[in-house]
Amino acid sequence: MAEATRDWQENPLRVKIIGVGGAGGNAVDRLRMSGPGPLELAVVNTDFKTLDASPLTEKVMIGKTVTGGLSTGGEAELGRQAAEADRTELARLVEGVDLVFILAGLGRGTGSGAAPVLAEVAAQAGALVVAFVNLPFSREGQRRMRQAEDALVAMREACACVVSLPNDLIVQQAEGDPTLLEALAIADDWIRRGVQAIHSMILENGLINVDFATLREALQYRGGKAVFGFGEGAGDGFVEAALRDLERCPLLHLPDNRFLRKTDGLILNIRGGPDMPLSDVYRIMDFIGDRFGCKENTVLGATVDGSFQGRVQITVIGTVDVSGARRHPYRVPAAARPRPVTPPLRPEPPPFAPAAVANKQTSAQTDSVEGPSLAQSPHPAPWDTVTATPARRETKPTRGQAEFEFLAGEERGYFEKTEENLYEGQDLDVPTFIRKGIRIAL
Amino acid sequence: MPRNKIIGAVEIGSSKISVLVGEIEGGRELNIIGSAEATSVGVKKGEIVDLSAVSRCTHATLIAAEKKAGVQVDEIFLSASGQHLEGFTNIGTVNVQDADNWVSEHDLRCAGQSARQKALPQGRCYLVHIRGAAYADGREVENPVGMQAAKLELKYWNVHANERRITDMIHIISGYDDGLSVEEIIPASVASGRIAASDEERRAGALVVDIGEGTTDFVLYRKGHIVRTGVIPVGGGHLTNDLSIGLRINFKQAERLKLRDGKAVIERGDKDSHVLLEGDLQIGDRPIPRLAIAKILNARVAEIFSIMKNRLGSAISPQAVPGGVILTGGTSSLPGIDEVGRDVLGVDTRVGTHPAWVTRKDLRDPGYATTLGLLFFGLQGQSLGERERKAEAPRAGLLRRLFK
């Protein structure tokens, strides 16, 4: 796939979702995804029995020489050896794939050991690797936690973006005493939303379009942490509702997300109905930019979905450069680099001219973004408001944080008139359950 | 025969102002001869927000307590809390003066002085200097006097506060009657720690957590010394406020509900179980799921502990605090709170009881730990306070300065 001119008609963008280990395999099995374009699913495991039971067609068994077709018994080192032994198998699995999603449960053997190896192999093959990993319950003990943390570090080194989902949070999200199936369903749903958000962002034709090259550019720094969150709102004031929902997304409140307020790169995807005014898109952007302290490098995607009348869904993926990783950007080896950035990535006739692809790299460019791109687009404007572009300018500059005070000043109740009680960027006077996004059913 | 000294312990808390009057007999024995308590108005998160209201309240409580005791109070011991309290460790080092390296009292005094001398930023004042471990040539010793060492180090935990807030408190007391004087202001955590943890526990190493209405005060002991104190401006009032917001009921209802049905752990069966808001079957009464109550309280309580854990870092582990975590203060009566503490801190956690000498039943409530602790310090100041006193000396001058 090294050829610089790739025929996108015959050779469309390939996306593959690979589950590693028991938990990862299950997640892929249960992944019910709808989306445009072909989607390939695969599982990798050391355990013959589990692999045999999987309904998927593409299965890779690793470490036959190491474990003899059995599981690793929770030993991460064994998992790593197994993957190392079958590197060629793994390389074949990711060959020619552009975007690889790795799903794994960290803490036990195969997931912790093999997933980082697979990520490395995939990255070497030239794919953009995004991983969604589950972290073990804290009740599972220190050893699992340690294995998971080690694996997480290894994953961060190999992947462009690693989103971690602690299992503890899943239980917290569930109503009361969740059954095992309920808990699993929640975990699956989080992974599905994450995968789908990225997938649809680059494959669907958005109003403001994000393509694969933009994603690659935004995620070019490896070794950093990823912040992932989503919010949804419907009904009256759905924008506010969605932002509030996002603010309460439990994934944004992980203990190690101290860097929440200053991300280095931000991907924001907005999915709204045909009735959503453009001004709302900018309100969301402004808010997110302020919230995550990232005005310089925000990639905005906006998609119109007919079924989203009076509804909006926001997905945010931010990368944080914790260890000066910027000096080691995530770069694919030149030979394996698939293509220069310019050619259109979509197999179908592109809706916008490539030069007009309205990706935004800086918010300074905000004002000029859709002017040339949307207005001149031969494509019929999906939103009426697009024609009203000049009007937007009048409202934009004055918009500050004031509009979103409802998020800051609200819900302090008894402590309304007292000084803010700030601790690591949060106001402790606001009820904990609101800040952590715990649902209270009355 | 000299008249016995009468001391008053005053805690201006976020939920109540409580006053205990103690009589010190012959400088060694303490009798609690009067007590009074009033609902506090104008204090939030441990800090005074309405000075005149708090003043009136405090004065009324003092009058009531004096009336019960039948005598006038000579001096006041006051507790302080709130976010403005901060502390830091400082080590005073001296080279031992004696030619043969025998450590003398003088060396000790010099080391203490240098440990306490650090200048504070504008608007801050020292509240207490608490002496910690002593090191003779790097070796930790109980009392270095008379030992041989070339270098003597003395560790101090210094608590400083916002000057304005401290003067406010002193003004409240001095505004009472004929200019009653404040003898000492002690951080609430230090006072409670004295009562909630036994000598053995403090020697072994323990963390005392006083969860009050407006603040959570904690004090960490190691080898009998205070090594850290801290205030988290979150307390029982936040639990109530969370309930009131989460269940959409008013603050008073939420407070009642918290006291009656509140618990910090989510249990099996909470899902389908309900409690009535009022229980009087009147209009407006409604059932509230236990699960909602437990979830709201659990989240808050767990957060308080995790903030504490973050603050203390490696200082809190089963090895570092063999004496465990001891909870006290009004909110420690919340069922299940010790369990949450154990889960979050990873250290054995229990609700403390007062020492046996507190015989009056009403004073055995954990909410009285701070005031009792103040009285205890008052007694100590009179009798065996020699050593501690020395550390306090420069501060007393400071208080007098603030007084004017």
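The paragraphs below go through the predicted model from its nonpolar cores to a sheet, a helix and some single residues.

In this predicted model, local features need pLDDT of at least 70 and side-chain atom pairs count only at pLDDT 80 or more, while totals for chains, interfaces and linings use all residues. Residues are numbered from 1 along each chain as its sequence is written, chains are lettered from A and ligands numbered from 1 in the order in which they are written, and side-chain values use heavy atoms, leaving out hydrogens and water.

In soluble globular proteins, nonpolar side chains tend to be buried together. A nonpolar core here is a set of buried Ala, Val, Leu, Ile, Met, Phe, Trp, Tyr and Cys residues joined through side-chain atoms within 4.5 Å. Buried means under 20% relative accessible area, exposed over 50%, and partly exposed in between, with a 1.4 Å probe and protein chains only. The largest nonpolar core has 67 residues, and those touching the most other members are Leu99(A), Phe101(A), Phe132(A), Ile284(A), Ile288(A) and Ile314(A). With 9 residues, helix α9 (residues 180-203) of chain A gives the most to this core; helices (H or I, at least four residues) and strands (E, at least two) are DSSP runs, numbered from the N terminus. At least three residues of the core come from each of domain 1 (15-203) and domain 2 (217-329 + 353-403) of chain A, with bounds from an automatic or database domain assignment. A second, separate core has 62 residues, among them Val10(B), Val21(B), Ile130(B) and Tyr221(B).

Chain B also holds an open sheet of 4 strands in the order β7-β10-β8-β9, with antiparallel pairing. Two strands pair if DSSP finds at least two bridges between them. The edge strands, each pairing on one side only, are β7 (86-95) and β9 (139-141) of chain B. On average, neighbouring strands of this sheet are turned by 40° against each other, direction ignored. Strand β8 (residues 124-136) of chain B pairs with β9(B) over 3 bridges in the antiparallel sense, and Val141(B) in β9(B) is the bridge partner of Ala134(B).

Helix α2 (residues 105-116) of chain B lies across β7, β8 and β10 (151-162) of chain B and runs at about 40° to β10(B). Axes are lines fitted to C-alpha atoms, for helices over the stretch in contact, and angles run from 0 to 180 degrees between N-to-C directions. Helix α3 (residues 163-174) of chain B packs on the sheet as well, touching β8 and β10 of chain B, and its direction makes about 70° with that of β10(B).

In chain A, the buried residues of α7(A) include Arg144(A), Gln147(A) and Leu152(A).

Most residues other than glycine have a negative phi. Lys223(B), not a glycine, has a positive phi of about 50°. Lys223(B) is in the loop between β13 (216-222) and β14 (225-232) of chain B and is partly exposed, with a relative accessible area of 49%. Arg248(B) also has a positive phi, near 55°; Arg248(B) is in the loop between α6 (236-246) and α7 (251-261) of chain B and is exposed, at a relative accessible area of 65%.

His354(B) lies in the loop between β18 (349-351) and α10 (369-382) of chain B and is buried, with a relative accessible area of 5%. The C-alpha atoms of His354(B) and Arg364(B) are separated by 6.2 Å, with the two residues 10 apart along the chain.

Terms used:
Contact means heavy atoms within 4.5 Å.
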